[in-house]
Amino acid sequence: MSRALILGGSRSNPDSNAGADMQVDLAGIPMPSPILTASGCAAAGRELDGFFDITRLGAVVTKSIMLKPRAGRATPRMSETPSGMLNSIGLQGPGIDSFIENDLAWLNQRGARTIISIAGETVDEYSRLASKLRAAGGFEAIEVNISCPNVADRGQVFACRAESAAQVVQAVRRNSDSRVPIFAKLSPDVTDIVEIADSVIKAGATGLSLINTLLGMVIDTSTMRPALAGVTGGLSGPAIRPVAVRCVWQVRQAFPQVPIIGMGGIRSGRDALEFMLAGATAVSVGTAVFNDPKAPARIHDELAQEVKARGFSKVEDLIGYAHRSEDAPIPVAPESSALDEWDFITE
Amino acid sequence: MAQQIVSEILDNRRVGDYHVLSLTAPGVAETVQPGHFITLAMGGEESSMVLRRAFAIHQVTSRGVYGGTLDVAIAIQGRGTKWLSERRRHDTVNLVGPLGRPFTLPKQGVSCVLVGGGYGSAPLFLLAQALRDRGCRVDIVVGASTEDKLFGVLDLKRLASHLTITTDDGSSGVRGRVTDVLDDVMERAGADVVYACGPMPMLAEVARISTKRRVFSQCAVEESMACGIGVCMTCVLPVVGDDGVTRMVRSCVDGPVFRGDRVRWQEINTIPADAFGAPDAEESA
């Protein structure tokens, strides 16, 4: 696409970007933005829609839904940590039937693209979740949460073992429409994330979501007991960003053709860019939403500025760009370009 | 509908052990009802404190050039509230509000008893005024561990038909707790409704006394929150619905005001075995 065309397109919708083409293709899903919500940090989109237009997002990634209604874990469920937070919500939710009837119906009626996160306690539960979703339709992709740390039995974290991770993904793949992309959400709490990625790709995952929270713990020094009722919890927020970027980098290097949704502590357009440079096609904004309910929309706009400031016209051209060879030319940001001129005219 | 705005601090003053911040809130203050709360982001854009803090709305004023403004009372409890207490006039802070379900007000001029523990009395000011405007009798009971931890007693005296003060150490008013005097106050006032805000054990006791007397109670809870807007599921507590089913509901959007007889006070911080979606007995064993 020529620059003139891009500008022409953006002119008709001047608030959607700052001159950069923000469209991405995520495993065949065309998206107007690489910015998604993160599972568990946006419920099913309805609350955030009061703060910004959720149809502007690449997609709403819904809170992991299970087969049956689930009350979650006892409170306290949250503890703030340096540049992050620890949570042990425990997948509280209404169950898949209520989700399809209420939340998914609302998302469709609202016109939002939707990636549905599913979680189960057994391989069979994942199969049944996928079957129910296949029957329901009305979503773009499935994110298979095999890495929630807030389950009673840590041995049940499927993503911690290559074999169990693959079994779940295979079960979801078999019970889903073959055209529906499946993203496996992996845990960073493993010795070699590339090995787990390899197993789920072989089992039929279309792409990978990297990363889930890190297992952590806080002790309240006034009560001298664990701060969370669940004792341990998942660490999220900017504190985990370098771990997440490392995981995206390693997996991208091993499987350059496999689309990645990157997440872990993204709070600005600069942070989103870092994940895309590491190899993410799209990024999920999670904990930042708790601090700034408009964070996904703000980060989209900031990312557009970051892309433009580096002399790029399309955000897609930056995906995996940090992996380029040593002798690749360094792009020069345009000091005075057609882009700046156009901005000047519209102002 | 909640708004997110950059608010300017107009005033930061000490009131006993607390700070009261006056904040510009155009588009927010105008829609505030008694019991609503706001959240504030802590420490600026690059802050290491990633979670907002929730504050009950204490007062709402219209101040000419600023449009609507609102006041919140702050108790210094940690890094975030300490940072906030150090803000000065003209500093800015990111504000979201109004949030939550407010108190339900009676249609007729009935007799109301308002109970506040510590700075839990802060949201009772707007409530007392609204009730008086409806022709209600308003009796107020406030208590704290010690005199310095009472909030806004002088102004409450003006708003109340009768004000009762309790302190644990007897430094002001009756020695004891608000719940020690509540039965008598309700009896004297002929209370039809009780409104309360304060620590959970106090609310539990207020609800118990009210229910025993067959009086309708509304309690504003103070649960730890992460988002304040209903997406994170941090601030849940077990509440019995109209259908008799107990659910883990969110304080931020389903509350913070709950019917006292509907909250399972003794089972806060647990998942009751009969709650909707509770683990099956054999699974949790």
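**Figure 1. Where chain A and chain B touch.** In this predicted model, the contact between the two chains takes 28 residues from chain B and 32 residues from chain A; two residues count as in contact if their C-beta atoms, placed from the backbone, lie within 7 Å. On the side of chain B that touches chain A, 19 residues are nonpolar, eight are polar and one is charged. Here Ala, Val, Leu, Ile, Met, Phe, Trp, Tyr, Cys and Pro count as nonpolar, Asp, Glu, Lys and Arg as charged, and the others, Gly among them, as polar. Residues are numbered from 1 along each chain as its sequence is written, and chains are lettered from A in the order in which they are written. Because the model is predicted, local features need pLDDT of at least 70 and side-chain atom pairs count only at pLDDT 80 or more, while totals for chains, interfaces and linings use all residues.

**Figure 2. Chain B as a whole.** Chain B holds six helices and 15 strands; these are DSSP runs numbered from the N terminus, with helices being H or I of at least four residues and strands E of at least two. The C-alpha trace of chain B spans about 50 × 50 × 40 Å along its principal axes. Of the 285 residues in chain B, 50% are buried, that is, 20 or more other C-beta atoms lie within 10 Å of their own, with C-beta atoms placed from the backbone. Among contacts in chain B between residues at least 6 apart in sequence, 64% join residues at least 24 apart.

Figure 3. Domain 1 of chain B covers 3–99 and domain 2 covers 111–267, with bounds from an automatic or database domain assignment. Their C-alpha centres lie 22 Å apart. The contact draws 20 residues from domain 1 of chain B and 21 residues from domain 2 of chain B. On the domain 1 side, β3 (37–40), β4 (53–62) and β6 (92–99) of chain B each supply at least two residues. β4(B) gives the most, with six residues. That side of domain 1 of chain B divides into 13 nonpolar, five polar and two charged residues.

**Figure 4. An open sheet in chain A.** Four strands line up in the order β5-β6-β14-β11 of chain A, with antiparallel pairing; two strands pair if DSSP finds at least two bridges between them. β5 (78–81) and β11 (214–217) of chain A stand at the edges with a single partner strand each, so one side of each has no neighbour in the sheet.

**Figure 5. A closer look at β6 of chain A.** β5(A) and β6(A) form a hairpin with two residues between them, and S83(A) in the turn has a positive phi of about 55°. Four bridges join β5(A) to β6 (residues 84–87) of chain A, and M78(A) has N87(A) as its bridge partner in β6(A). Three bridges join β6(A) to β14 (residues 232–236) of chain A, where N87(A) stands opposite G234(A). From β6(A), G84(A) and L86(A) point one way and M85(A) and N87(A) the other way, and all are buried.

Technical notes:
A residue is buried if 20 or more other C-beta atoms lie within 10 Å of its own, exposed if 12 or fewer, and partly exposed in between; C-beta atoms are placed from the backbone.
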